[in-house]
Amino acid sequence: MGLDVVVAMFKRPFQGREFVQQFWFLASVSILPAMLVAIPFGAVITLQLGSLTAQIGAESFNGAASVLAVIQQASPIVTTLVVAGAGGSAMCADLGARTIREEIDAMEVLGVSPIQRLVVPRVLAAMVTAVLLNGMVSVVGVVGGYFFNVIVQDGTPGAYLASFSALAQLPDLWIGEIKAVIFGFLAGLVACYRGLHPRGGPKGVGDAVNQSVVVTFLLLFFVNLVISVIYLQLVPAKGA
């Protein structure tokens, strides 16, 4: 199904109205939860790293370590967890309800591809939403980490910013956005797949929603591990 979705993305006609509606829905239900989750994520990372760097006498590198952890790892993960939990579950329930009402079968009888008509706009909307939310979560996480480091741990603002600019590099931002695109694709794809294949009538729709969220989370952490290992092997650290 993933290959079918990729191929259908380049076929016409493109369902622009459906894409805009799905994108607006995903953004509206994900922005506030993503911001609220990003603040404690950034704070916990900063506080934990601040405690560790203080023990080894490397407080000046707390800013770089915290910001890189937020941008490379925490931000894409938080974004996709919110997109899959808030938006993906709704997409799965919507498609599942259409499936048990035999609307999907009716579309196929009429010669309309459900993949192109329903799945592609939702997957693209999840990808675009994940990319944009990833940028917002990165900013909120970094600002939250800066606040807790400077206010709570009495860190030096200049040292926090200087270490970040000394060790961070542009590929660190790009890898976060690439992860967001891939994770958004997986979240949308899994939600649509489970929604199109519910089992057991109305009860199966609820089970499919639960399965879509769980499977997305499992795929998310596995793919994140693979991408992180490849990135660290191909892109050397700044100054190395």
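This is a predicted model: local features need pLDDT of at least 70, side-chain atom pairs count only at pLDDT 80 or more; totals for chains, interfaces and linings use all residues.
Residues are numbered from 1 along each chain as its sequence is written, and side-chain values use heavy atoms, with hydrogens and water left out.

Helices were assigned as DSSP runs (H or I, at least four residues) and numbered from the N terminus. Helix α7 covers residues 170-196, and its 27 residues should span 39 Å at 1.5 Å a residue; the expected span is 1.5 Å times one less than the number of residues. The end C-alpha atoms of α7 are 40 Å apart, which agrees with that expectation. Helix α7 is also mostly covered, since 19 of its 27 residues are buried. Here buried denotes under 20% relative accessible area, exposed over 50%, and partly exposed the range in between (1.4 Å probe, protein chains only).

A nonpolar core is a set of buried Ala, Val, Leu, Ile, Met, Phe, Trp, Tyr and Cys residues joined through side-chain atoms within 4.5 Å. The largest such core contains 37 residues, and those with the most contacts inside it are Val 5, Met 9, Val 119, Val 120, Val 123 and Phe 185. Two or more residues are given to this core by each of α1 (2-8), α2 (16-55), α3 (62-100), α4 (103-109), α5 (114-152), α7 and α8 (202-234). Helix α5 supplies the largest share, twelve residues. When residues up to four places away in sequence are not counted, Val 120 touches Val 5, Ala 8, Met 9 and Ile 115, a contact being heavy atoms within 4.5 Å. A second, separate core has five residues, including Met 91, Cys 92, Ala 191 and Val 209.

Helix α2 also contains Met 35, which counts as partly exposed at 32% relative accessibility. The C-alpha atoms of Met 35 and Val 137 are separated by 6.1 Å, although these residues are 102 residues apart along the chain. With residues up to four places away in sequence not counted, Met 35 touches Met 136 and Val 140.

Salt bridges were assigned where a side-chain nitrogen of Lys or Arg lies within 4 Å of a carboxyl oxygen of Asp or Glu. By this rule the count is six. In one of them, the side chains of Arg 117 and Glu 18 meet at 3.5 Å, N to O. Arg 117 lies in helix α5 and Glu 18 in helix α2, so this pair ties together parts that are 99 residues apart in sequence. Arg 117 is partly exposed, with a relative accessible area of 30%, whereas Glu 18 counts as buried at 10%.

Asp 94 takes part in salt bridges with Arg 98 and with Arg 122. The closest N and O atoms of Asp 94 and Arg 98 are 3.4 Å apart. These two residues are four residues apart in helix α3, and are therefore separated by about one helical turn. An α-helix has 3.6 residues a turn, so residues three or four places apart point the same way. Both partners count as partly exposed, Asp 94 at 28% relative accessibility and Arg 98 at 21%.

The N to O distance between Asp 94 and Arg 122 is 2.8 Å. Because Asp 94 lies in helix α3 and Arg 122 in helix α5, the pair ties together parts that are 28 residues apart in sequence. Arg 122 is buried, with a relative accessible area of 1%. Salt bridges that share partners join Glu 18, Asp 94, Arg 98, Arg 117 and Arg 122 into one network.
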